[in-house]
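Please open the structure in your viewer and keep the sequence panel beside it.

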Amino acid sequence: MTPEERFGAIIDQHMCTSCGLCASLMGPHKIGMAVSDQKELRPCVVGTLTKKDFAKIERICPGLRVEGPEPQVTSANGETTDLVWGPYLRMVHAHAGNPLHRWEGSTGGVLTALATMLLKRGKVAFVLHVKASDSHPTFGVSTMSFSEADVLQAAGSRYGPTAPLNGLAQALEMDLPFAFIGRPCDVSAIANLAEFDERVGHLIVFRLTFVCGGLIPSLDVDRMIARAGVDPDQVVSMRYRGRGCPGPTTMITANGKTVDKRYTDFLNTDGKSWPMHFRCKICPEGTGERADLAVSDTWPGGVPDPTIEDGDPGTNALIIRTPKGLGLVQDAEAAGFLTLGNDIGPEDLNLYQPHQRDKKYAAWARINGLRCAGKLFPRTKRLRLPDLASRMPCEFNAEQSRGAKARAQALVPERVR
């Protein structure tokens, strides 16, 4: 296979996470970003890839390589490692100290508050994260925030196609310290790139993430919009959540009509799971082990309670993983940007995120299913997956492997337009 064909296989076999790092790294003369036939944002080869190019892409791609952090030489700093949740220094409830940040941000507004503090206190020159796309309202787009106003404009979760790292090369070329906020797979990509580019460790001074439940396929988002009585092609602005916990899903149409749906009604999950990409279903690391800290929703059972969601002001769970993350939280509390609540533990996160716990136990078997199918699969290290699998019944592991193999073999190749 040529380098271009090997690159195309990542897309065809649904291993791409749409982070955009390969496009950013190779440049627009080699790789661009385009919308696929399944309405996803995917990289596409527009020039010629050398074998050396593809070897580098293969090493940095978070769809193919996901690793936990290097083990600490000593645990004198108080670090604990949980089999499911990984290494951490502290787990604690928290919410934004500023009511506006708490209201505008997702859940308790912690990431909005931290981004604002980092900019106001001059700890970073800008924050690289995502905001709603102007051209594709259900999509997200990589952006740099230089002020509190910028951060607030980008507040709220994005569930549609997004390439958070598409602007990373430009950010690094600015040669200024910055923070990154994105998905756990994006943070993994940054950690992979750090092995090739020393600027990553020097300039990205904070890596913040959220516990990720997986992205909803774009065509499923369109179906949800249509179910809400709105023509997806007429949507000019969309906010998935925020302005409450979780807050309404808001759609604005070309004729100026605003449609608000309760978040639980829009997703229509019935307390179960929502549609997600195949790569997300076999994700071995959705909890941000390579970040300085990760934030989580705090809904028992993993979904908001419809009986209280309209009046819930929002509280996050923080997984503080590094001394840098711990110092950031302490500074934010002292300055009033964060309000901390009670300390919690892995058992609380299992309550709030049971799907993360279950997926972590199933990850090794599911990845083995892809291997048995002769398909591409994420190569992992330091995520404790064999140990987790060993604690499950053989019948469970066999069933998960068979299911993943069958789904992988049935996948329809995704083509970029």
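This is a predicted model: local features need pLDDT of at least 70, side-chain atom pairs count only at pLDDT 80 or more; totals for chains, interfaces and linings use all residues.

Residues are numbered from 1 along each chain as its sequence is written, and side-chain values use heavy atoms, with hydrogens and water left out.

**The eight-stranded sheet**

Begin by selecting the open sheet of eight strands, whose order is β8-β7-β9-β10-β14-β15-β6-β16 and whose pairing is mixed. Strands here are DSSP runs of E with at least two residues, helices are runs of H or I with at least four residues, and both are numbered from the N terminus; two strands pair if DSSP finds at least two bridges between them. Colour β8 (140-145) and β16 (338-343) separately, as these are the edge strands, each pairing on one side only. On average, neighbouring strands of this sheet are turned by 30° against each other, direction ignored; axes are lines fitted to C-alpha atoms, for helices over the stretch in contact, and angles run from 0 to 180 degrees between N-to-C directions.

Next, zoom in on β7 and β8, which run antiparallel and are joined by six bridges.

Then show α8, which lies across β9 and β10 and runs at about 150° to β10.

Keep α5 on screen and select helix α13 (residues 323-334): the two axes come within 11 Å and cross at roughly 85°. Angles of 65 to 115 degrees count as roughly perpendicular, under 35 as roughly parallel, over 145 as roughly antiparallel and the rest as oblique, and α5 and α13 are therefore roughly perpendicular to each other. Show the side chains of Leu114, Met117 and Leu118 of α5 with Leu328, Asp331 and Ala332 of α13, which make the contact. By class these residues divide into five nonpolar, no polar and one charged, where Ala, Val, Leu, Ile, Met, Phe, Trp, Tyr, Cys and Pro count as nonpolar, Asp, Glu, Lys and Arg as charged, and the others, Gly among them, as polar.

**The cavities**

How many cavities of 30 Å³ or more does a search of the whole structure find? The search finds four. A cavity is a set of points on a 1 Å grid over the protein atoms alone where a 1.4 Å probe fits but cannot get out, and its lining residues have an atom within 4 Å of a point; grid points are joined across faces, edges and corners, and a volume is the space filled by probe spheres set on the points.

The largest cavity has a volume of about 810 Å³. To find it, select Ser106, Leu111, Ser157, Arg158 and Phe210, which lie nearest its centre among the 42 lining residues. The elements that give two or more residues to this lining are α5 (110-120), β7 (126-132), β9 (178-182) and β14 (293-296), and α5 gives the most, with four. The lining of the largest cavity comprises 19 nonpolar, 18 polar and five charged residues.

Move on to the second largest cavity, with a volume of about 260 Å³. Of its 21 lining residues, Thr17, Arg183, Cys185, Arg279 and Cys280 are the closest to its centre. Two or more residues come from each of α8 (184-193) and α12 (278-281), and the largest share, three residues, comes from α12.

Select the open sheet of three strands, ordered β11-β12-β13 with antiparallel pairing, whose edge strands are β11 (235-239) and β13 (258-261). β11 and β12 (residues 249-253) pair over four bridges, and Arg239 has Thr250 of β12 as its bridge partner.

In the loop between β11 and β12, centre on Pro246, which a cis peptide bond joins to Cys245, with omega about 0°. Finish at His14, in the loop between α1 (3-12) and α2 (21-26), where phi is near 65°, a positive value in a residue other than glycine. Most residues other than glycine have a negative phi, and most peptide bonds are trans.

Methods
On a 1 Å grid over the protein atoms alone, a cavity is a set of points where a 1.4 Å probe fits but cannot get out, and a pocket is an open set with protein on both sides within 12 Å along at least five of seven lines; lining residues have an atom within 4 Å of a point. Contact means heavy atoms within 4.5 Å.
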